[in-house]
Amino acid sequence: MSEFIKSKSVQVLLTVLAALILLVASFTAGVSVGERKARHFSKWSENYPRMFGTERGFRGMTPFRGAPDAHGAFGKILSVSGSDIVVQGKDGVEQNVLVSSSTEIRVGRERGGIDDIRPGDQAAVFGAPNEEGQIDARLIRLMK
């Protein structure tokens, strides 16, 4: 049995099998990320009028052009209302971000709080999409 496992053809077969498993795993991960982003955009577009008010309206963006990033936002803080903040990215897309007690807020290198977030500030938000098309913030870094 030991000679069979050490044979050249078995080693090649195991290498090919490992490469195929790695290829399938990376493809599956890519599909999963794409589906999550598409689901976030779908919920974001459905809830746009509720999150940002109907007077701004939804400008007919598609998932291929103008779709928000599902896991974060980088740009200017437009408004702060309780635990909700609105961030406008460089592409003009507005994202509604939910801040919770577990959200870490950093002002430069220092620890901060929700009171440090003001309209006009530049921020990088990292988090996870929720079912309402918002981002549940895990980390907010303010650039003052």
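Leu-23 lies within helix H2, which spans residues 8-52. In this predicted model, the residue is exposed, its relative accessible area being 55%. Together with Val-12, Val-16 and Leu-20, Leu-23 makes a nonpolar surface patch of about 360 Å².

Strand E3 covers residues 94-98; because four of its five residues are buried, the strand is largely enclosed by the rest of the structure. Burial here denotes under 20% relative accessible area.

E3 pairs with strand E2 (residues 84-89) in the antiparallel sense, over five bridges. Within this pairing, Val-87 has Gln-95 of E3 as its bridge partner. The two strands form a hairpin with four residues between them, and Gly-92 in the turn adopts a positive phi of about 90°.

Strand E7 (residues 135-143) also pairs with E3, in the parallel sense and over two bridges. Here Ile-135 of E7 is the bridge partner of Val-97.

## The chain as a whole

Two helices and seven strands are present in the protein chain. Their order from the N terminus is α-α-β-β-β-β-β-β-β. Among contacts between residues at least 6 apart in sequence, 56% join residues at least 24 apart.

Of the chain's 144 residues, 31% count as buried.

Definitions and conventions. Residues are numbered from 1 along each chain as its sequence is written. This is a predicted model: local features need pLDDT of at least 70, side-chain atom pairs count only at pLDDT 80 or more; totals for chains, interfaces and linings use all residues. Side-chain values use heavy atoms; hydrogens and water are left out. Patches are made of residues with over 30% relative accessible area and no salt bridge: like charges are joined within 9 Å, nonpolar side chains (Val, Leu, Ile, Met, Phe, Trp, Tyr) within 5 Å. Accessible areas come from the Shrake-Rupley method with a 1.4 Å probe; for residues, only the protein chains shown count as cover. A salt bridge is a side-chain nitrogen of Lys or Arg within 4 Å of a carboxyl oxygen of Asp or Glu. Buried means under 20% relative accessible area, exposed over 50%, partly exposed in between (1.4 Å probe, protein chains only). Two strands pair if DSSP finds at least two bridges between them. Contact means heavy atoms within 4.5 Å.
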